[in-house]
Amino acid sequence: MEIVIEAEGIRKRYGDHEALRGVDLSVPAGTLLGLLGPNGAGKTTTVRVLATLLEADEGRASVAGYDVRTQPREVRRRIGLTGQYAALDERLTGRENLQLIGVLHRLGRRGAKTRADVLLDRLDLGQVAARPVKTYSGGTRRRLDLAASLIADPKVLFLDEPTTGLDPTSRLILWDMIREQLAAGVTVLMTTQYLEEADQLADRIAVIDGGRVIADGTSDELKAKVGGERLEVTVQDDAAIPAAVTALREVTAMEPAVERNGRVLSVSLRDQLKTVAEAASALDAAQVRPIGFAVRRPSLDDVFLALTGGTTGKEG
């Protein structure tokens with residue numbers, strides 16, 4: 001499979017601070033890599049190096065077959081970038097911004113206008129296209145910024161927290177747009193503060209912390225690292241906890257964990273159907289009447305918290 005985005009041993013220092021400490025990434029053609037990490041982990045720095053906005057101190061990286069250090073112009077011709085903050089001229093209208101960017105990309109005036117109209121319609125921006133960008137809401141600016149990154153029909157797309165500040169409807173519109181790009185063969189690297197977003201869109205996920213990639217895999221592979229499915233039993237009061245713990249311990253041969261103010265017990269499942277049935281019978285025999293009884297798979301939140309020590313954030 002063709003690798004479109006590749007980084008090996010990328011390091012970047014700012015004085016005494018080493019923002020990147022040997023980052024390795026590999027993104028196959030037509031896939032989306034979600035890059036997760038806490039504040040200051042190195043996510044944005046990684047994107048800026050790959051997009052040729054920063055030069056790494058060590059290591060090598062290539063995008064679309066071109067070296068980011070020695071062939072930056074060729075890289076820029078093939079990428080689109082949406083940063084954390086919209087890079088738009090507030091004095092121009094939305095349509096004028098897109099047409100200007102199209103002309104700068106050598107689409108010609110007619111080609112730039114046609115492409116701008118297509119994107120304004122697709123991202124539901126037609127009603128505000130004639131207004132100056134300074135009158136736009138934050139969410140509308142983000143959608144226009146994404147349109148700007150797509151104006152030249154790039155083969156590689158870097159999205160640095162593209163849906164930050166968007167309402168749910170606008171977020172879903174952008175998700176659909178990203179899926180359309182993937183279906184068309186575009187390769188995407190996306191940082192995000194929304195773990196659900198990575199779960200929904202990413203083919204693979206890399207977790208970066210302290211300037212290093214500490215985990216890499218599919219969503220299911222990462223979830224498996226923090227354990228399999230768990231049975232969660234919620235009891236009505238503290239008095240029922242000892243009997244519930246004893247019943248679950250006898251069935252699973254494991255010590256149940258007590259969480260959420262002491263009224264939720266959870267235990268790992270080995271044989272889901274058999275263990276769930278036996279746990280229900282054991283609780284009934286012990287005269288424990290749960291007010292909650294559910295099987296829960298690990299979420300990406302669980303993975304993130306387990307790998308990064310419980311730190312979350314939106315900038316990297």
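## Sheet

In this predicted model, four strands make up an open sheet ordered S2-S1-S4-S5, with antiparallel pairing. Strands (E, at least two residues) and helices (H or I, at least four) are DSSP runs, numbered from the N terminus; two strands pair if DSSP finds at least two bridges between them. S2 (17-28) and S5 (66-67) are the edge strands, each pairing on one side only.

S4 (residues 58-63) and S5 run antiparallel and are joined by two bridges. Serine 62 is opposite aspartate 67 of S5.

## Helix on the sheet

Helix H1 (residues 43-50) lies across S1 (3-14), S2 and S4, at about 65 degrees to S2. Axes are lines fitted to C-alpha atoms, for helices over the stretch in contact, and angles run from 0 to 180 degrees between N-to-C directions. Contact means heavy atoms within 4.5 Å.

## Helix pair H3 and H5

The axes of H3 (residues 94-104) and H5 (residues 138-150) come within 9 Å and cross at roughly 20 degrees. The two helices are therefore roughly parallel to each other (angles under 35 degrees).

Gly94, Leu98 and Ile101 of H3 make the contact with Leu144, Ala147 and Ala148 of H5. By class, this contact has five nonpolar residues, one polar and no charged; Ala, Leu and Ile are among those that count as nonpolar, Gly counts as polar, and Asp, Glu, Lys and Arg count as charged.

## Basis

Residues are numbered from 1 along each chain as its sequence is written. Local features need pLDDT of at least 70, side-chain atom pairs count only at pLDDT 80 or more, totals for chains, interfaces and linings use all residues, and side-chain values use heavy atoms, leaving out hydrogens and water.

How values were computed
Parallel < 35°, antiparallel > 145°, perpendicular 65-115°, else oblique.
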